[in-house]
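Here are my notes on the model, as numbered points. Please read them with the structure open.

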Amino acid sequence: MKKFFLVAVSVILIFGICSCTAQKESKIPTFDESGLYSGFNDLPTDYTPEKAVKDGCYVIVENSLKSGKDAWERFVKTSGKGIDSFLRIVHFIDDMPYYTDLYYYNGKYQTFEQNHELGLTVGTPFSLLRRLDGGIIHEQSRCLYVLTDSTELTHYDVSSSLLSSSIDTITKIPFEWLSFTVYMEVGS
């Protein structure tokens, strides 16, 4: 009887843990009564890199990825199957957290950003998450990850837009560069 009880409790705990993980990964954006994104409302004021790692976030400290490459790969795989997905990115600069929530829901990718200088920024919903290979950035070959609706957008289009100070060279194809992904390659 004790064996049965221990097995039953173990199974319940495993399903409980799995369901928490599944809920986090299939999270959809939440909004308050006035229609503003409310996903950052529950963040503690004393958030640290250690807490962010424990929470399963993609964590950058200064200019180095601390944790989250596996969470990114899970997000890409899950969203690529058309399943609603969520990834929180926390970038600590001088111990100050800057947040980005990346969602795939209802067939669209969208970002929500919260930082102390700009407040809340809501990204444009796009249907594609694209990896663009090629090009040299800071003397290293880099891939770029972007949200877009275009299959025509190239690495050159994006890198030219990011490096240009001239409006004439900026691509006419809308996109949002996922800048946090560059830290996956730093040091590798």
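Predicted model: local features only at pLDDT ≥ 70, side-chain atom pairs only at ≥ 80, totals over all residues.

1. Phe-75 sits in helix α3, helices being DSSP runs of H or I with at least four residues and strands runs of E with at least two, both numbered from the N terminus. Beyond the residues up to four places away in sequence, which are left aside, Phe-75 is in contact with Gly-80, Ser-85, Phe-86, Leu-87, Leu-102, Tyr-103, Tyr-104, Tyr-109 and Leu-129; contact means heavy atoms within 4.5 Å. Phe-75 counts as buried because its relative accessibility is 2%, where buried means under 20% relative accessible area, exposed over 50% and partly exposed in between, with a 1.4 Å probe and protein chains only.

2. Residues are numbered from 1 along each chain as its sequence is written, and side-chain values use heavy atoms, with hydrogens and water left out.

3. The protein chain has four helices and 11 strands. Of its 188 residues, 36% count as buried. Among contacts between residues at least 6 apart in sequence, 44% join residues at least 24 apart. The chain exposes about 11600 Å², and carbon and sulfur atoms supply 58% of that area; accessible areas come from the Shrake-Rupley method with a 1.4 Å probe, and for residues only the protein chains shown count as cover.

4. Which residues touch the most other members of the largest nonpolar core? They are Tyr-58, Trp-72, Phe-75, Leu-102, Leu-178 and Phe-180, in a core of 19 residues. A nonpolar core is a set of buried Ala, Val, Leu, Ile, Met, Phe, Trp, Tyr and Cys residues joined through side-chain atoms within 4.5 Å. At least two residues of this core come from each of β1 (58–61), α3 (69–80), β3 (85–93), β4 (96–105) and β10 (144–148). Helix α3 gives the largest share, three residues. A second, separate core has 14 residues, among them Tyr-47, Ala-52, Cys-57 and Tyr-103.

5. Leu-178, with neighbours within four places in sequence set aside, is in contact with Trp-72, Leu-102, Thr-111, Leu-129, Tyr-145, Val-146 and Leu-147. Thr-111 belongs to strand β5 (residues 108–115) and is classed as buried because its relative accessibility is 2%. The side chains of Thr-111 and Glu-176 are joined by a polar contact of 2.5 Å. A polar contact is a pair of N or O atoms within 3.5 Å; within protein, one must be able to donate a hydrogen and the other to accept it, and residues adjacent in sequence count only if both atoms are side-chain atoms.

6. There are three salt bridges, a salt bridge being a side-chain nitrogen of Lys or Arg within 4 Å of a carboxyl oxygen of Asp or Glu. Arg-88 and Asp-101 form one, with the closest N and O atoms 2.7 Å apart. Arg-88 is in strand β3 and Asp-101 in strand β4, 13 residues apart. Are these two residues buried or exposed? Arg-88 is buried at 11% relative accessibility, and Asp-101 is buried at 0%.

7. Lys-51 and Asp-46 also meet through their side chains in a salt bridge (3.2 Å, N to O). Lys-51 is partly exposed at 35% relative accessible area, and Asp-46 is partly exposed at 45%. Arg-131 pairs with Asp-133, the closest N and O atoms being 2.8 Å apart.

8. Two backbone angles deserve a check. Most residues other than glycine have a negative phi. Asp-95, in the loop between β3 and β4, has a positive phi near 65 degrees and is exposed at 69% relative accessible area. Asn-106, in the loop between β4 and β5, has a positive phi of about 50 degrees and is exposed at 66%.
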